[in-house]
Amino acid sequence: MASLMLNGAHQNPNLISGIAPNGLNFHNKCLFQKGVLSHGNKLRVVRKNFTPKGSMSASSSSSSRPGSQPRFIQHKKEAFWFYRFLSIVYDHIINPGHWTEDMRDEALEPADLYNRNLRVVDVGGGTGFTTLGIVKHVDAKNVTILDQSPHQLAKAKQKEPLKECKIVEGDAEDLPFPTDYADRYVSAGSIEYWPDPQRGITEAYRVLRIGGIACVIGPVHPTFWLSRFFADVWMLFPKEEEYIEWFKKAGFKDVKLKRIGPKWYRGVRRHGLIMGCSVTGVKPLSGDSPLQLGPKVEDVKKPVNPFVFLYRFILGTIASTYFVLVPIYMWIKDKIVPRGMPI
Ligand SMILES: C[S@@+](CC[C@H](N)C(=O)[O-])C[C@H]1O[C@@H](n2cnc3c(N)ncnc32)[C@H](O)[C@@H]1O
């Protein structure tokens with residue numbers, strides 16, 4: 001029944017187009033009701049059972065946003081509108097600077113996707129760039145792409161190798177899948193927009209079956225002061241130890257982090273990376289995550305002050321343009337500085 005309904009979702013174009021003007025009017029709640037259907041490269045570093053520094057509350061310290069880290073687009077509504085425009089140029093202009101096919105394949109390798117029958121959910125799947133890497137190993141009919149942006153999903157729908165994937169509009173922090181549903185959970189480049197990343201990872205745990213693997217690919221925090229400033233204004237660039245802690249708190253075992261980055265950066269991480277690591281964990285027991293969370297940080301149904309929204313959206317978008325320039329700067333440096341020398 002579950003898969004039938006998802007197939008229906010794929011066939012129904014309203015699922016990717018019928019969004020209300022204020023955005024985020026998810027249709028997916030009808031797909032499954034919780035409880036009803038018993039719901040790298042050369043710089044590669046793999047860290048096993050990393051010990052996190054410091055501690056965070058169950059809802060994660062990253063969502064508290066101190067004044068020095070306003071993260072204007074780390075919100076569902078702002079992210080929705082951000083991708084309304086970004087989806088137009090995402091595959092051709094934005095992605096090539098941050099997220100290459102080589103990087104994608106390296107990042108997906110720890111997810112162990114080498115079985116065509118695996119049931120995979122790609123959360124924040126957007127235009128399907130990462131899904132194209134998944135369907136190299138898994139039959140497209142077994143893959144569901146979920147995203148909150150119908151504009152991004154519309155691009156995924158146009159891609160021939162993804163024609164058989166199920167396409168669902170929904171929220172990473174409240175997945176419309178039953179508990180113990182999928183063999184693999186993949187999410188690439190989306191966590192930075194989630195107001196409560198711990199909640200998204202806890203959902204990853206819930207929807208996986210026992211022994212299933214979650215693979216979250218995302219940014220890493222810059223150390224160079226100017227890059228750190230723009231990163232913190234734009235969105236969430238987690239520290240490596242934060243990823244590990246979110247996974248462990250959600251209940252995952254065998255948590256590993258693999259560093260990735262564009263080749264022309266030559267391993268430089270001081271400017272941060274929009275796709276800087278691939279974190280994996282294994283679900284050891286069936287059922288819900290042992291972590292109990294309070295109410296959601298952002299309630300999308302709550303009306304927002306349009307001036308506050310516009311202010312956040314404009315400042316966040318301006319900050320993001322810095323990260324369009326960084327890969328170009330690094331590419332030029334890579335061309336100028338002789339091989340073997342630091343850049
Ligand atoms: C940088 S794109 C990554 C797309 C794709 N995974 C890839 O690898 O190219 C981030 C995606 O996350 C989606 N997103 C952001 N917040 C989300 C949320 N709360 N729930 C679902 N999707 C979300 C955005 O709409 C966008 O399509």
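I looked up residues 309–332 first: their end C-alpha atoms lie 36 Å apart, and the span is 100% helix and 0% strand. Helices here are DSSP runs of H or I with at least four residues, strands are runs of E with at least two, and both are numbered from the N terminus. UniProt lists this span as "transmembrane region" in an unreviewed entry; its positions are given in the numbering used here, the feature name is shortened, and such annotations may be inferred rather than shown by experiment.

A note on the source: this is a predicted model, where local features need pLDDT of at least 70, side-chain atom pairs count only at pLDDT 80 or more, and totals for chains, interfaces and linings use all residues. Residues are numbered from 1 along each chain as its sequence is written.

Next I checked the whole chain. I found ten helices and eight strands.

Asp112 has a phi near 50°, positive although the residue is not glycine. Asp112 sits in the loop between α4 (101–108) and β2 (120–123). Asp180 has a positive phi too, near 60°, and lies in the loop between β4 (166–169) and β5 (182–188).
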